[in-house]
Amino acid sequence: MKKILIVEDDRRIAQNIFRGLAAEQFETEIAYDGITGKQLALDKKFDLVLLDVNLPGMRGYEVCQQIRIYKPALPIIMLTAYGEIEDKVEGLNRGADDYIVKPFDFRELLARINAALRISEINNPESTDKTLRIADLEMNLGTKQVKRAGNPIELTAKEFALLEYFMQHRGRVVSKMDLAEHVWHLNFDPGTNVVEVYINYLRKKVDKDFAVKLIHTRPGMGYVMREE
């Protein structure tokens, strides 16, 4: 599942993009100001950034330039109400890969995102073959194959996304709220048991037949993937 950072101060636009991308099976995160957007882009792993120009805290051009210094291969698409050629040139000169003017049709945005991701994968083929490992468990993000002790494990798309989140955050306690927001893209409802249900599904496939358990419950805090 590709992960996209949306840096947009217009909450209506940001939420519309968020919902559209979630429907297309992208994992998304939103920052509503330039400083937060820059920090998230540098601290976390994203496959692409959608970056507004006119942001509070730090303008999109400066955010783009900072991201490009530290993550030169990260695709950046700038979103702006400015359609003048000078504005487009400045964005591209600061390091943006593409530029789309508001208002835009979501279908065009999606096409530009997919095009940027394809180019990124062509230029960085190793990124499509990344393998996550913990103990004897392996997850290949390119082929979507999961194995434990060399034996293939069949997972649903949601189980795969849940396991990927655990493996990306191995050793760290993650709460049910974290999982609901990043795997299901939902505001956490304390009355739902969807997280527990899928944790049980995953444990049956990943841990049940093995002496060393990898998914552990931390009462009152959440879950952690760790070799114990």
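## Overall build

Of the contacts in the protein with a separation of 6 or more, 56% are between residues 24 or more positions apart. Contact here means heavy atoms within 4.5 Å. This is a predicted model, in which local features need pLDDT of at least 70 and side-chain atom pairs count only at pLDDT 80 or more, while totals for chains, interfaces and linings use all residues. Residues are numbered from 1 along each chain as its sequence is written, and side-chain values use heavy atoms, with hydrogens and water left out.

The protein has eight helices and 11 strands. Both are DSSP runs numbered from the N terminus: helices are H or I with at least four residues, strands are E with at least two. Along the principal axes, the C-alpha atoms fill a box of roughly 60 × 40 × 30 Å.

Buried residues make up 44% of the 228 residues. Buried means under 20% relative accessible area, exposed means over 50%, and partly exposed lies in between (1.4 Å probe, protein chains only). The accessible surface comes to about 11,700 Å², and 51% of it belongs to carbon and sulfur atoms. Such areas come from the Shrake-Rupley method with a 1.4 Å probe; for residues, only the protein chains shown count as cover.

## The parallel sheet

Five strands form an open sheet in the order S2-S1-S3-S4-S5, with parallel pairing. Two strands pair if DSSP finds at least two bridges between them. Strand S2 (27–31) and strand S5 (98–101) are the edge strands, each pairing on one side only. From one strand to the next, the twist averages 20 degrees. Axes are lines fitted to C-alpha atoms, for helices over the stretch in contact, and angles run from 0 to 180 degrees between N-to-C directions.

Strand S1 (residues 3–7) and strand S3 (residues 48–52) run parallel and are joined by four bridges. Leu5 stands opposite Val49 in S3. Helix H2 (residues 34–43) packs on this sheet and touches S1, S2 and S3. The direction of H2 makes about 145 degrees with that of S2. Helix H3 (residues 60–70) lies across S3, strand S4 (76–80) and S5. H3 runs at about 175 degrees to S4.

## The antiparallel sheet

A second open sheet has four strands in the order S6-S7-S8-S9, with antiparallel pairing. Its edge strands are S6 and strand S9 (151–153), and each pairs on one side only. Here the twist averages 25 degrees from one strand to the next.

Side chains alternate along strand S6 (residues 131–134). Four bridges join S6 to strand S7 (residues 137–140). Ile134 stands opposite Leu137 in S7. The hairpin of S6 and S7 has two residues between the strands, and Ala135 there takes a positive phi near 55 degrees.

Helix H6 (residues 157–168) lies across S6, S7 and strand S8 (145–148). H6 runs at about 115 degrees to S7.

H6 also packs with helix H8 (residues 194–206), at an angle of about 80 degrees and with the axes 10 Å apart. That makes H6 roughly perpendicular to H8. The cut-offs are under 35 degrees for roughly parallel, over 145 for roughly antiparallel, 65 to 115 for roughly perpendicular, and oblique for the rest. From H6, the contact is made by Lys158, Glu159, Leu162, Leu163 and Phe166. H8 contributes Tyr198, Ile199, Tyr201, Leu202, Lys205 and Val206.

## Backbone points to check

Most residues other than glycine have a negative phi, and most peptide bonds are trans. The peptide bond from Lys102 to Pro103 is cis, with omega near -10 degrees. Pro103 sits in the loop between S5 and helix H5 (106–123).

Gln25 is not a glycine, yet has a positive phi of about 70 degrees. Gln25 is in the loop between helix H1 (11–23) and S2. Ala149, also not a glycine, has a positive phi of about 55 degrees. Ala149 lies in the loop between S8 and S9. With 46% relative accessibility, Ala149 counts as partly exposed.
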